[in-house]
Amino acid sequence: MVALSFQPIHKPYTGGSAFPDSSWCRRQWTRRRSLTLRCGIAEPSGQPAPMGQKTKYKDGLFEKAFMTLFARKMEKFADKKKGSPAKGWFGYDYESFVDVSRRVMQGRSRPQQQEVVREVLLSMLPPGAPAQFKKLFPPTKWAAEFNAAVTVPFFYWLVGPSEVVEVEVNGVKQKSGVLIKKCRYLENSGCVGMCVNMCKIPTQDFFTNEFGLPLTMNPNFEDMSCEMVYGQPPPPYEQDPVAKQPCFADICSMAKPSSSVCHKLQA
C-alpha cells in the first residue's frame, strides 16, 4: 500500500544503487548493516526539527491528495479570503490546509469549531460507516491495538512520524498507544486552540461516540509531541489539563499573552 512507504523500510543491502538519490529520502546504515530509507521528512537527520524550529517535509501526491480532500471539505465552513481563486485538486499544500483550519475558527465558539470537524469527518465516510465500524471493531484490546497500528501510516501526512507504544488501560498493558514525535499540525499552526478544538477534542469524540472505540489524546505542549491512547475514555473537558493551557505567545498569531489560558479554549 502507498501509505506504508511513509515509514522506515529496512532491506538487506547487497550493493549497487537499489534506491534513487533524493534530498528527502535519506540512506543511512544501521548497526545491523541494513539500509534505512526515510521518505517524508526533509530534515538531514530524518527526524523532526527541535522545538522552536519548523520541520521540513517533502509531500508527495498521496499526502497532497489528503490535504486537498480535507481542506476542500473545510472550505465550506471557512471565512472566504478576498481575491483568492478556488484551488483545484492537489492545489493545497500543508500551509494552506492549516490556513483553512484557522479561518474555520474565526467567529466560532469552541463547541462550534468542534462540530465543524465532526461534520467534515462524517462527510468523508460512506453512509452507515460508523455502525459498521462498531461491528468490526468493538471496544476490545485487539481493536484498540489494530487502530493504533493503522494510525501510524495513515495519519503521517497530518501529524508527522509516530510509533506504536505500550500503554496501560484499566490496569492492562497493551500496544494501543501511538506516540507522535512532534505534531506537524501543532508546529505549523503554533496554536494551542487549534490543537485542542480542531484536532484533539473532535478526534476523541469521533472515535469514542461515533465509532464506539474510546480514545484519549494527550498533547505535550513542551515539545509538541502527543500520545494517543486507544481504549481509554477521554476525561471531561473541564478535568482535562489542556483546558488550562496558555497560548504559545511567541509563535501564535492569534495569541493573547496577557491571558493565563488560551482564549480560544474559553469561548
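Predicted model: local features only at pLDDT ≥ 70, side-chain atom pairs only at ≥ 80, totals over all residues.
Residues are numbered from 1 along each chain as its sequence is written. Local features need pLDDT of at least 70, and side-chain atom pairs count only at pLDDT 80 or more, while totals for chains, interfaces and linings use all residues.

**The sheet**

Let's start with the open sheet of 4 strands, ordered β4-β5-β7-β6 with antiparallel pairing. Strands are DSSP runs of E with at least two residues, and helices are runs of H or I with at least four, numbered from the N terminus. Two strands pair if DSSP finds at least two bridges between them. Because β4 and β6 stand at the edges with a single partner strand each, one side of each is left without a neighbour in the sheet. β4 and β5 are joined by 7 bridges, and Val167 stands opposite Gln174 in β5.

**The helices**

| Helix | Strands | Angle |
|---|---|---|
| α5 (residues 141–154) | touches β4, β5 and β7 | about 20° with β5 |
| α8 (residues 192–210) | lies across β6 and β7 | about 160° to β6 |

**The largest cavity**

A cavity is a set of points on a 1 Å grid over the protein atoms alone where a 1.4 Å probe fits but cannot get out, and lining residues have an atom within 4 Å of a point. Which element gives the largest share of the lining of the largest cavity? That is α8, with 3 residues. Among the lining residues are Cys195, Cys199 and Met217.

Notes. Heavy atoms only, no water. Contact = heavy atoms within 4.5 Å. Axes fitted to C-alpha atoms, helices over the stretch in contact; angles between N-to-C directions. 1 Å grid on protein atoms, 1.4 Å probe; cavity = no way out; pocket = protein on both sides within 12 Å on 5 of 7 lines; lining within 4 Å.
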